[in-house]
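I opened this notebook to keep track of what I looked up, beginning with the ligand and its surroundings and then turning to the sheet.

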Amino acid sequence: AGAGAKVAINYVVHPESAAALVKEIEGRGGAALALSADVSDAGAVAAMFDQIDRQWGGLDILVNNAGIDGPRARGWEAEVEAWQKVIAVNLTGAFLCARQALRRMTAQKSGVVINISSVHEIIAWSGYSAYAASKAAVGMMTKTLAQEAAPYGVRVLSAGPGAVRTPINRAVWSDPASLQDLLEKIPLGRIGEAPEIARMIVVLASDVASYVTGRTIYIDGGMTDYPEFAHGG
Ligand code: BGC
């Protein structure tokens with residue numbers, strides 16, 4: 001919104017947070033819309049995009065930002081329902097939204113889809129096999145959709161955040177011992193803040209990145225640089 005886009009904010013929980021964000025954007029002279037859709041439900045996703053069409057006549061940028069990590073459990077202790085829910089939101093949800101967006105973007109011959117992946121697209125994470133698998137799959141889905149959409153002048157990218165201070169990892173950054181363990185995994189030596197991810201997404205969505213497609217761009221303070229190799233090896 002700060003860069004001039006009208007923003008449709010999808011929520012599945014906390015309607016009051018979505019409404020507050022709409023108010024904040026409007027208060028600063030922007031345009032925003034709060035919409036409710038479970039991204040893993042194809043019908044709900046189709047209805048959401050239809051509503052955006054009715055309101056604004058289409059869209060130019062999709063940011064697939066819905067994600068869950070599921071309960072921590074080693075693979076052989078995990079419940080299949082937990083596995084399926086993570087895949088349904090993180091992978092199928094990103095696919096269903098991208099599918100709707102790409103129908104519109106390929107027709108208008110412009111647009112950008114940005115999938116929010118993770119450093120766990122390439123870093124294994126004990127206790128989170130569904131999450132890591134979903135993000136690895138998002139990376140390959142991104143490449144394939146990018147190949148399909150490129151002839152239409154449409155770009156498809158992923159952004160791979162590292163450890164960013166959000167509710168998803170509050171248990172880690174709010175506990176001093178867990179935070180210390182986490183910081184040792186980050187060359188820049190600090191946890192990321194949400195605006196540092198948002199700013200990069202603005203760049204990727206803009207014409208500054210007009211020749212970038214099919215890639216995951218990591219925004220991780222160097223986490224994917226394997227800081228353990230700063231010594232020894
Ligand atoms: C997870 C966070 C975690 C980070 C680094 C993200 O994808 O959602 O909980 O802190 O990866 O491990």
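The model is a predicted one, in which local features need pLDDT of at least 70 and side-chain atom pairs count only at pLDDT 80 or more, while totals for chains, interfaces and linings use all residues. Residues are numbered from 1 along each chain as its sequence is written, and side-chain values use heavy atoms, with hydrogens and water left out.

Next I looked up polar contacts, meaning pairs of N or O atoms within 3.5 Å. Ser118 has a polar side-chain atom 2.6 Å from an oxygen atom of the ligand, and for Tyr131 I noted a side-chain N or O atom 2.6 Å from a ligand oxygen. In Asn169, a polar side-chain atom lies 3.3 Å from an oxygen atom of the ligand.

I then turned to the sheet, where strands are DSSP runs of E with at least two residues, numbered from the N terminus, and two of them pair if DSSP finds at least two bridges between them. The sheet is open, with four strands in the order β3-β4-β5-β6 and parallel pairing.

Ser158 has Thr216 in β6 as its bridge partner.

Note on methods: A polar contact is a pair of N or O atoms within 3.5 Å; within protein, one must be able to donate a hydrogen and the other to accept it, and residues adjacent in sequence count only if both atoms are side-chain atoms.
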